[in-house]
Amino acid sequence: MNKLGPKEHFYFYFVFFTLMAFLAGIFGVRCQRLIIEDLKDQRIIFTSGQDGNAEIYLMNFSDLYPERLTYDPAYDDYASFSPDGEKIVFCSGRDGNLEIYLLRLKERNVKRLTFHEADDIYPSFSPDGKNILFCSNREGNWEIYLMNEDGSNLLNLTNNSRDDKYPSFSPDGRYIAFASTRDYWIPEIHLLAAKTQEITRLTYNSFVDCYPKFSPDGKKIVFTGYSDGNPEIYTMNTDGTAIRRLTFNCSHDDQPVFSPDGQKIVFVSNRDGHPQLFIMDADGQKQKRLTRHNSYCVYPSFCPITPGQPTR
């Protein structure tokens with residue numbers, strides 16, 4: 001067998017590594033496409049400062065290209081879809097302080113819903129789309145309020161001297177999960193029965209638990225917890241049992257939300273620098289980065305239905 005000379009060695013390795021890089025590129029793109037294929041018809045909204053200030057963006061999983069929805073020099077944040085996917089609610093400082101606004105996606109017209117000198121934040125729709133939950137400090141501390149979609153018939157749901165924040169409806173509308181300091185100065189997850197106003201405490205830690213969101217089948221709650229030192233993502237049953245840690249990272253993992261089929265969880269992490277959106281299986285496996293921007297991407301919210309899917 002003839003030995004290869006220096007020139008032949010160079011050409012051999014050049015061709016070999018070029019071929020390997022080409023194949024890695026093909027399979028790398030293919031793996032990325034597989035991640036997107038799982039949710040190819042889904043849409044998600046989030047807040048980003050990629051254009052200079054906090055604005056709301058819409059992203060389709062088919063191409064992962066964000067579309068800017070709000071155009072205002074003020075702060076726009078905490079957006080959430082309506083059940084039919086045709087509207088979003090969000091908070092904005094465009095009129096001085098933080099108020100709740102409604103944006104119709106087709107017409108792109110914005111309507112202000114709350115009018116108070118205090119701050120109103122964290123809005124989200126009820127499952128039937130008739131009401132909107134939000135938080136306000138208009139009575140001196142943070143309370144959870146319910147109002148009609150047009151901003152009328154305002155009702156304080158929590159009426160407590162301590163802070164209640166981050167409300168989220170169960171899929172059937174029977175319960176509202178939220179974080180509260182009512183039993184201790186550190187926020188814990190509580191459950192409010194919508195009809196009876198009965199409140200049940202779900203977590204008992206000496207650390208912060210916040211941002212609770214229900215799974216689409218109503219059996220699980222995903223939330224952010226600090227019980228292991230830094231913010232990580234956890235799930236539990238809706239009665240507070242079977243708490244399970246999903247992320248294990250020395251950075252911040254936060255603001256989790258289930259995909260409409262319950263198979264995935266999107267969350268925010270700064271493990272690569274700026275806070276970005278990440279996705280993982282509902283059991284914590286296959287954690288992948290979704291957004292790659294030079295600014296933050298935070299507060300994700302899925303559209304409950306896919307385009308063309310009939311509403312309930």
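Let me start with the lining of the second largest pocket, which is made up of Ser215, Pro216, Asp217, Lys220, Thr235, Ala242, Arg244, Leu246, Phe258, Gly262, Ala282 and Asp283. What we are looking at is a predicted model, in which local features need pLDDT of at least 70 and side-chain atom pairs count only at pLDDT 80 or more, while totals for chains, interfaces and linings use all residues. Residues are numbered from 1 along each chain as its sequence is written, and side-chain values use heavy atoms, with hydrogens and water left out.

A word on how such spaces are found: on a 1 Å grid over the protein atoms alone, a pocket is an open set of points with protein on both sides within 12 Å along at least five of seven lines, a cavity is a set of points where a 1.4 Å probe fits but cannot get out, and a lining residue has an atom within 4 Å of a point. Grid points are joined across faces, edges and corners, and the volume is the space filled by probe spheres set on the points.

How many cavities of 30 Å³ or more does a search of the whole structure find? The search finds one, and about 260 Å³ of space lies in this largest cavity. Its lining has 17 residues, of which Tyr122, Tyr211, Lys213, Tyr299 and Pro300 lie nearest the centre, and it divides into 12 nonpolar, four polar and one charged. At least two lining residues come from each of strand 4 (76-81), strand 8, strand 12 (164-169), strand 16 (209-214), strand 20 (253-258) and strand 24 (297-302).

Tyrosine 299, from that central group, is found in strand 24 and has a positive phi of about 50° although it is not a glycine. Most residues other than glycine have a negative phi. At 17% relative accessibility, tyrosine 299 counts as buried, where buried is under 20% relative accessible area, exposed is over 50% and partly exposed lies in between, using a 1.4 Å probe and protein chains only. Arginine 108 also has a positive phi, near 60°, but this residue is in the loop between strand 6 (99-104) and strand 7 (110-112) and is partly exposed, with a relative accessible area of 36%.

Stepping back to the whole chain, the protein has one helix and 24 strands, these being DSSP runs numbered from the N terminus, with helices as H or I of at least four residues and strands as E of at least two. Of its 312 residues, 51% count as buried.

Four strands form an open sheet in the order 8-9-10-11, with antiparallel pairing. Strand 8 (120-125) and strand 11 (155-156) stand at the edges with a single partner strand each, so one side of each is left without a neighbour in the sheet. Strand 8 is joined to strand 9 (residues 131-136) by four bridges, and isoleucine 121 stands opposite cysteine 135 in strand 9.

Why is strand 2 largely enclosed by the rest of the structure? Five of the six residues of strand 2 (residues 55-60) are buried, so the strand is largely enclosed.

Finally, proline 73, in the loop between strand 3 and strand 4, is exposed, with a relative accessible area of 77%. Leaving aside neighbours within four places in sequence, proline 73 is in contact, that is, with heavy atoms within 4.5 Å, with Asn53 and Glu55. Proline 73 and arginine 94 are 21 residues apart in sequence and 7.4 Å apart in space, C-alpha to C-alpha.

Notes: Two strands pair if DSSP finds at least two bridges between them. Ala, Val, Leu, Ile, Met, Phe, Trp, Tyr, Cys and Pro count as nonpolar, Asp, Glu, Lys and Arg as charged, and the others, Gly among them, as polar.
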